[in-house]
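Here are some exercises to work through with the model open beside you. Try each task before you read its solution.

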Amino acid sequence: MDLAALYNLYVNDLFTYGCYLGFEREIVKDAIHDVFVKVTVDEGLLRHISHIKFYLFRSLKNRLIDLHKYQKDEIALEKVDPSVDMPFNIHIDVESLLIEKEDQMQVKNAIEQMLTSLTDRQREIIYLRYIQEYDYNQIAELLHISVHGCRKLVSTAIHSLREKFGFLITFLTLMS
Amino acid sequence: MKHYTDFLKDGKFLRWQLLDDDALNQYWRNFKIEHPESIKEIEQAIVYIKNKGMNNSNLNENERALLFHKIQTTIRQRHKVKQRRLFWYSVAAVAILLIGLTLFYHQREDIVITPDKELIVGELLNNEDIQLITNKESIYFQNDIEVKLDKGGKAEISQKNKEIREIEIKQEQLNTLIVPYGKRSTLTLADGSKIWLNSGSVLEFPAQFGDKKREIRLTAGEMYIEVTHDRSKPFFVHTSGFNVRVYGTKFNISNYTDSPQSVVLVEGSVSLQSKGHKELFITPSEKAVYSESGTFETRQVDVDQFISWREGYLSFDKTSMSEVLQKIGRYYNLSFDYEQDVNLQKRTCSGKIYLSDNFDNVMTTVALLTSTQYRKENKNIFITNQ
């Protein structure tokens, strides 16, 4: 695959991921720039990497973590753990839904309510697992945590959503 | 019947989508069996969340194209840096001389962009400071400087609208003057020889010369030098690829990495030597272009075109747009980039362009001379057909 094809295929996903991690647009763009330059200049990388999309995601995240540490160091010298410390906020787009404004707001609220009841890392896992369809091993690597820790985060998330939004279903399931 | 947006408002549905578990999967399997008419709507709701609702990139087309353009530019530069220049050697004993050097790198199979074939995009780069490294310390200057060395190891530095500054320069070490793109400077050496450094140049020089010879090194860029006559001490200019030997004269050396390797002789006589080849003498107004095989091709040129930068203007005679933009780019610290098959770059330009402080004036002249149009948006310059 040549660079242009690769770029067109993944730039939107990479940009979204970077923005969700709380970085400014321009910083995300710079990081994407660095990732694609690296992947091309370090010869043969394009040919030898089997999971190219995952490779790009991981490179982007690592690049952003570096930038994040650097920013933090400038403000306060305290050591921060980027895997815990970084925000993750999913933007919900309803503009493209061809329905009335009021309905759009309802959809947006419904999804946002659910997401805000979770932690940043849980939201990140949802994004990586559900939207990007990565497996637990890959997600654990992106989050710099163990696979076990990753599964645990998922089960607590399921649990808390069920408690807050799913009484009825639990009830129905028990009945059936 | 339920519409797909109804599902999007439904907590049960959303939980199942975001974080499915056995109970939810069971519930929705049953739901589909009981309401087969809803299957299509459910699928539509899923497609919506996955592709758009939670994964909507707001990177617009323009940003997307510019970012790709930037990535390509960096990659090209990195590949150029990786190449090594071929060695060649030349000796000069002339009045005025100009040497241009380039590396002959194998153009990589180019990665395709082609947003619009008849478009040249330029970007104004951030200006860096001029840097003088002496006594292992760096001194920075925002504006063009004039440096004068005296015989006692003192350097006098003048900068526009600023007081003259005096510094001590140690005898033993080589000093370096770095003039980034967008800047120029002059340097008077301890023997009185005067150097004009063009944009993007790096020069190494001693505070004092030795007893037998005078030597300086132009690591990158372009310079014009008037060498003070001294028969007993020959003057050498070293570059990464070759050396020039002179005995009191004026000449110009260009050592950019992105221009063809060439020598232009203005007055007197010069001989060029490359490894494994016979010494070649060229005559005034002759330009010798070096080829990878170690041979030179010569032709007559208008010398003014090659030394006018020093006087604050560029002179062109049926010069290609790509070459014009390259020179202007260096002077104003702009990076232009375009595909090889953009016809615009083949347009030629004849006339003089004054290198005014007002960049818009310069681009207006270029547009006029090449029958093109240009548009400036923030730091980007777009050149298109008229």
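## Exercise 1: A hairpin and its neighbour

Strand 3 and strand 4 of chain B make a hairpin with 2 residues between them, and Asn135(B) in the turn has a positive phi of about 50 degrees. Before you go on, note that this is a predicted model, in which local features need pLDDT of at least 70, side-chain atom pairs count only at pLDDT 80 or more, and totals for chains, interfaces and linings use all residues. Residues are numbered from 1 along each chain as its sequence is written, while chains are lettered from A and ligands numbered from 1 in the order in which they are written.

Task: find how many bridges join strand 3 of chain B to strand 4 of chain B, and which strand 8 residue is the bridge partner of Gln131(B).

Solution, step by step:

1. Locate the elements; helices (H or I, at least four residues) and strands (E, at least two) are DSSP runs, numbered from the N terminus. Strand 3 of chain B covers residues 130–134 and strand 4 of chain B covers residues 137–141.
2. Count the bridges, remembering that two strands pair if DSSP finds at least two bridges between them. Here 5 bridges join the two strands, which run antiparallel.
3. Pick out a pair: Ile133(B) has Ser138(B) in strand 4 of chain B as its bridge partner.
4. Now turn to strand 8 of chain B (residues 174–179), which is antiparallel to strand 3 of chain B and joined to it by 3 bridges. In strand 8 of chain B, Ile178(B) is the bridge partner of Gln131(B).

## Exercise 2: Where the chains meet

Task: state how many residues of each chain take part in the contact, then describe how helix 6 of chain A crosses helix 2 of chain B.

Solution, step by step:

1. Two residues are in contact if their C-beta atoms, placed from the backbone, lie within 7 Å. The contact takes 42 residues from chain A and 34 residues from chain B.
2. Several helices of chain A each supply at least two residues of the side that touches chain B, including helix 1 (3–20), helix 6 (101–116) and helix 9 (147–165).
3. Sort that side of chain A by class: it divides into 29 nonpolar, 9 polar and 4 charged residues. Ala, Val, Leu, Ile, Met, Phe, Trp, Tyr, Cys and Pro count as nonpolar, Asp, Glu, Lys and Arg as charged, and the others, Gly among them, as polar.
4. The axes of helix 6 of chain A and helix 2 of chain B (residues 11–18) come within 10 Å and cross at roughly 55 degrees. Axes are lines fitted to C-alpha atoms, for helices over the stretch in contact, and angles run from 0 to 180 degrees between N-to-C directions.
5. That angle makes helix 6 of chain A oblique to helix 2 of chain B; angles under 35 degrees count as roughly parallel, over 145 as roughly antiparallel, 65 to 115 as roughly perpendicular and the rest as oblique.
6. Ala110(A), Ile111(A) and Met114(A) of helix 6 of chain A meet Gly11(B), Leu14(B), Arg15(B) and Leu18(B) of helix 2 of chain B.

## Exercise 3: A loop residue in chain A

Task: is His144(A) buried, partly exposed or exposed?

Solution, step by step:

1. His144(A) lies in the loop between helix 8 and helix 9 of chain A, and has a positive phi of about 55 degrees although it is not a glycine.
2. A residue is buried if 20 or more other C-beta atoms (placed from the backbone) lie within 10 Å of its own, exposed if 12 or fewer, and partly exposed in between. His144(A) has 14 C-beta neighbours inside 10 Å, so it counts as partly exposed.
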